[in-house]
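Here is a walk through one protein chain. Keep the viewer open and follow along.

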Amino acid sequence: MDHSMHHAGMDMDHGHGHGDMDMGGQCNMNMLFTWSSKDLCIIFRQWRVDGPFSLLVSLVVIVLLTAGYEGIRQLTRRYEAAHAQRLNAFNTPAVGGNENVGESAPATAPSSHAPHSCDESSPLLVGRDNRRVVEQRGKLIMAALYAVQVFYSFFIMLLFMTYNGLVMIAVAVGAFVGYLVFGENMSAAKTVACH
C-alpha cells in the first residue's frame, strides 16, 4: 500500500509562512531530557538562548526566580503569624482593663448609644466587629498570597518542563539558595508538589 497519498495534504513545515528563509532559529521543544541549549526557548518564544552569554544570564535569572519563590513563601508565613497575633489580641484583655467583669465594668463601659470618645477604627478598641474586619482582610490577603504562590509554583514547573538539564539544575540551585536566604525556622522537609 502506498502511503504517499496520505501525507500529500499534510505539510509538516512549521516555518509559519517564512518559506525557506532562516529567521534566526526556532524554539526547540524537547519532550525528552537533553543537555543541549541549541534553539532553547524558556517558557516564552521571546526568552530565547542564542549563545553562551544568554544561556548564563538565563540560568542566573532562573536561580533568582526560584529563590524568589522561597521568599514569597517566607513572606506568607510571616504574614500568617502576624495575622494570628492580631487575632489573638482580641482574646486578651486590654491593657489597664478591668479583669473583674462584675465590679465596675458596666458603669464605665461606653454604651452603644453614647457618643464614643475613641475612633471606631482605633487599634486599641477591641470588639467583635473589628475582629471580623481584621479576620476578613487577613483572609483576603492570605488568599492573594496563596494565589501568587500557586502561579509562581506552576511557572517553576514550566521551567522544569523544558526538559533541559541545565535549566533543571538552575531550578534546584535556586531552591537551595532560596532556602538558605529565606528558610529560617522552616523545616527542610517539603512535599514534592506543584504548590
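Predicted model: local features only at pLDDT ≥ 70, side-chain atom pairs only at ≥ 80, totals over all residues.

Step back to the whole chain. The secondary structure comes to 4 helices and 0 strands. Along the sequence the pattern reads α-α-α-α. The chain has 195 residues, and 26% of them count as buried. It exposes about 14500 Å². Carbon and sulfur atoms supply 64% of that area. Now take the contacts with a separation of 6 or more: residues 24 or more positions apart account for 70% of them.

Next, the rings. A pair of aromatic rings is described by the distance of the centres and the angle of the planes. The count for this chain comes to 3 aromatic pairs. One of them joins Phe44 and Phe155, with centres 6.3 Å apart and planes at 40°. The pair is therefore tilted, since stacked needs under 30 degrees and edge-to-face over 60. Phe44 sits in the segment before α1 (52–89), and Phe155 sits in helix α3. Phe155 counts as buried, at 16% relative accessibility.

Tyr152 belongs to an aromatic pair as well, and its partner is Tyr69. This pair is edge-to-face, with 5.7 Å centre to centre and 70° between the planes. Tyr69 lies in helix α1 and Tyr152 in helix α3, so the pair ties together parts 83 residues apart in sequence. Tyr69 counts as buried, at 8% relative accessibility.

Move on to helix α4, where Val171 is found. Val171 is buried, with a relative accessible area of 9%. Setting aside residues up to four places away in sequence, Val171 touches Ile62, Thr66, Ile156, Leu159 and Phe160. Take Ile156: its C-alpha atom is separated from that of Val171 by 7.4 Å, and the two residues are 15 apart along the chain.

Finish in the loop between α3 (128–160) and α4 (165–182), the place of Asn164. Is Asn164 buried or exposed? Asn164 is buried, with a relative accessible area of 0%. Its side chain reaches the backbone oxygen of Ser36 at 2.7 Å. Beyond its neighbours within four places in sequence, Asn164 is in contact with Thr34, Trp35, Ser36, Ser37 and Leu40.

Key: Residues numbered from 1 in each chain as written. Heavy atoms only, no water. Helix = DSSP H or I, 4+ residues; strand = E, 2+ residues; numbered from the N terminus. Buried < 20%, exposed > 50% of the residue type's maximum accessible area, 1.4 Å probe, protein only. Polar contact = N/O pair within 3.5 Å; in protein donor to acceptor, adjacent residues only side chain to side chain. Contact = heavy atoms within 4.5 Å. Areas by Shrake-Rupley, 256 points an atom, 1.4 Å probe, with all protein chains shown as cover. Phe/Tyr/Trp six-rings, centres within 6.5 Å; stacked < 30°, edge-to-face > 60°.
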